[in-house]
Amino acid sequence: MGSVDETARKISSMEVRGALDIAIAALKALETVVDGGGRLKELEAAGEKLKKARPTAVSLPNAVNYVIYLAKKHEPDDGKAFKSAMTREIHDFIIRQENSLEKIAEIGSKLIEEGDVLMTHCNSDTVAHIFKRAWRDGKKFRVIATETRPRYQGYITSRDLASAGIPVTLIVDSAVYHTIKKLDVDKVFVGADTVYANGDVVNKIGTMQVALCAKSEGKDFIVATESIKFSPESIMGGVSVIEERDPKEVAEIEGVRVFNPAFDVTPKEYVNMIITEYGIIPPEAAYSLLKERFGWSLTGE
Ligand code: RUB
């Protein structure tokens, strides 16, 4: 289980971060279990470890649960058949996730217009793919990236976009409202860690503040997410555990308590649209997408 332990450690410590990358890393770790001759029992044990690595992004349990579903399907197969079927199916699932990223980039890039001023919060690979695709297509625009305290994922976004040639302006998180007005932001794009069946979106702490500012100024607030981040449990009212990280990430001041939540929930009323690999949907359509795409997990198999 070396690779499983190592992957769980990297996810917890945020060496691997971002909801899609977390899911893909978990899938690759489960592939190594299959490779080492592991079957349903071993995959279940590995899956539990991986799920515990970080609590909020539903892409992680969704990825693990899908592999367990496949393992149950193939459990009657003999060792060799099990291994080859599981290897192929997990591999195909990873490829589908990577293709989803490209599809969302293609769909989302069409929403960007010449001369746009765009804003983003945190670091979403999905959003970065949209921006880079639009830039490659020849559109000229600029991006405002929030710093994203306390882990500064905005630096990753800024460097990534700048290296693709996209003009980027970095701001502190508290400058969002002023900047939307002063620099005339047209649209806000963010990623997601979890999307609930009612259309509410869980993403990096501060996302809701950005959404409030966007709504107050009448700007589009757009969420870009692969369907692996939709939460089947939320159909029955289940909600994500909002991760609270080490206070030391924020500050160490004697006699002062620090509260360090890593995510927040943006209610659907603040979300204009969700871009998925199946197309653009209004947040209210999250339930239908879940029923259509997560049938395998909703049957209780
Ligand atoms: C990352 C974050 C990202 C989503 C989507 O938080 O909130 O917006 O995970 O990312 P953290 P992606 O840095 O705490 O993991 O589009 O890359 O899946």
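Me: What lies 2.7 Å from an oxygen atom of the ligand?
Reply: An N or O atom in the side chain of Ser124 does. Keep in mind that this is a predicted model.

Me: And where does Asp125 come in, with a backbone atom or a side-chain atom?
Reply: With its backbone: an N or O atom there lies 2.8 Å from an oxygen atom of the ligand. Asp193 uses its side chain instead, with an N or O atom 2.8 Å from a ligand oxygen.

Me: How much of the ligand does the protein bury?
Reply: The protein buries 99% of the 460 Å² that the ligand exposes when taken alone.

Me: Which elements give two or more residues to the shell around the ligand?
Reply: Those are helix 2 (19–35), helix 6 and strand 6 (201–204). The ligand is surrounded by 18 residues, and the closest include Arg17 and Lys204. By class, the shell has six nonpolar, six polar and six charged residues.

Me: Switching topic: how many aromatic pairs are there in the whole structure?
Reply: A search finds six. In one of them, the rings of Phe131 and Phe189 have centres 5.5 Å apart and planes at 80°, so the pair is edge-to-face. Phe131 is in helix 6 and Phe189 in strand 4, 58 residues apart in the chain.

Me: Are those two buried or exposed?
Reply: Both Phe131 and Phe189 are buried. They also form one aromatic cluster with Trp135 and Phe141.

Me: What lies over the face of Trp135?
Reply: Lys140 does, at 4.6 Å from the ring centre. Elsewhere, the charged end of Arg39 sits over the ring of Phe82, 4.4 Å from its centre.

Definitions and conventions. Residues are numbered from 1 along each chain as its sequence is written. This is a predicted model: local features need pLDDT of at least 70, side-chain atom pairs count only at pLDDT 80 or more; totals for chains, interfaces and linings use all residues. Side-chain values use heavy atoms; hydrogens and water are left out. Rings of Phe, Tyr and Trp (its six-membered ring) pair if their centres lie within 6.5 Å; planes under 30 degrees apart count as stacked, over 60 as edge-to-face and the rest as tilted. Helices (H or I, at least four residues) and strands (E, at least two) are DSSP runs, numbered from the N terminus. Buried means under 20% relative accessible area, exposed over 50%, partly exposed in between (1.4 Å probe, protein chains only). A charge sits over a ring if NZ of Lys or CZ of Arg is within 6 Å of the ring centre and within 35 degrees of the ring normal. A residue is near a molecule or strand if one of its heavy atoms lies within 4 Å of it. A polar contact is a pair of N or O atoms within 3.5 Å; within protein, one must be able to donate a hydrogen and the other to accept it, and residues adjacent in sequence count only if both atoms are side-chain atoms. Accessible areas come from the Shrake-Rupley method with a 1.4 Å probe; for residues, only the protein chains shown count as cover. Ala, Val, Leu, Ile, Met, Phe, Trp, Tyr, Cys and Pro count as nonpolar, Asp, Glu, Lys and Arg as charged, and the others, Gly among them, as polar.
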